[in-house]
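This report covers helix packing and aromatic ring pairs in one model.

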Amino acid sequence: MKTIVKNQQETKILAEAFADNIKEKGGFVSLFGDIGAGKTAFCRYAIKHLGVKEDITSPSFVILNEYKSQNIPVYHFDLYRLEDGGIDSIKEELREYSKENVLTFVEWADFGKNELPFEKMEINVEYDYENYSTERTFEFKGTNKYYEDVIKKTIADFRQRISN
């Protein structure tokens with residue numbers, strides 16, 4: 001399911017709608033998109049909306065940031081800097097953080113090869129980088145009914161919030 005955001009404010013609204021719909025049970029979220037597409041911004045807004053008080057930073061250089069939200073533990077991975085064999089060094093953590101009642105974001109999930117859980121949500125973020133557009137297309141895919149329901153509710157909530 002696709003939706004378009006026109007600017008950072010709409011990205012924030014989409015991320016907040018997402019956080020509201022996943023905060024009870026959590027989930028494993030794989031994010032895809034070019035540098036600058038908005039993967040980290042989406043994660044940052046969602047994590048902040050879950051009540052995390054500390055600064056939300058990109059895990060690009062540390063691979064993993066952990067946060068305690070008001071509802072569930074949140075783990076934020078960035079696989080961009082891992083070499084070919086680097087994924088092997090964290091595959092146990094990826095499996096551990098795919099359990100129920102946690103929210104795990106994995107940016108640059110395409111570098112995760114076959115080590116990411118099968119049951120997950122995928123978010124692909126695209127933008128027109130040649131024309132420096134602020135518009136982004138978010139495409140959500142779920143691997144099961146739970147994720148499909150979260151996606152449908154998130155998109156519906158987002159559309160309602162921006163129409164008000």
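## Aromatic pairs

Phe 140 has 2% relative accessibility and therefore counts as buried (under 20% relative accessible area, with exposed over 50% and partly exposed in between, for a 1.4 Å probe and protein chains only). The model is predicted: local features need pLDDT of at least 70, side-chain atom pairs count only at pLDDT 80 or more, and totals for chains, interfaces and linings use all residues. Residues are numbered from 1 along each chain as its sequence is written, and side-chain values use heavy atoms, with hydrogens and water left out.

Rings of Phe, Tyr and Trp (its six-membered ring) pair if their centres lie within 6.5 Å; planes under 30 degrees apart count as stacked, over 60 as edge-to-face and the rest as tilted. By this rule there are seven aromatic pairs. Phe 42 and Phe 140 form an edge-to-face pair, 6.4 Å centre to centre with 65 degrees between the planes. Phe 42 lies in helix H2 and Phe 140 in strand S7 (residues 136-142), 98 residues apart (helices, H or I, of at least four residues and strands, E, of at least two are DSSP runs, numbered from the N terminus). The rings of Phe 138 and Phe 140 have centres 6.4 Å apart and planes at 25 degrees, so this pair is stacked. Ring pairs link Phe 18, Phe 42, Phe 105, Phe 138 and Phe 140 into a cluster.

## Helix H2

The buried residues of H2 (residues 39-49) are Lys 39, Thr 40, Ala 41, Phe 42, Cys 43, Ala 46 and Ile 47. Gly 51 follows H2 and has a positive phi, near 95 degrees.
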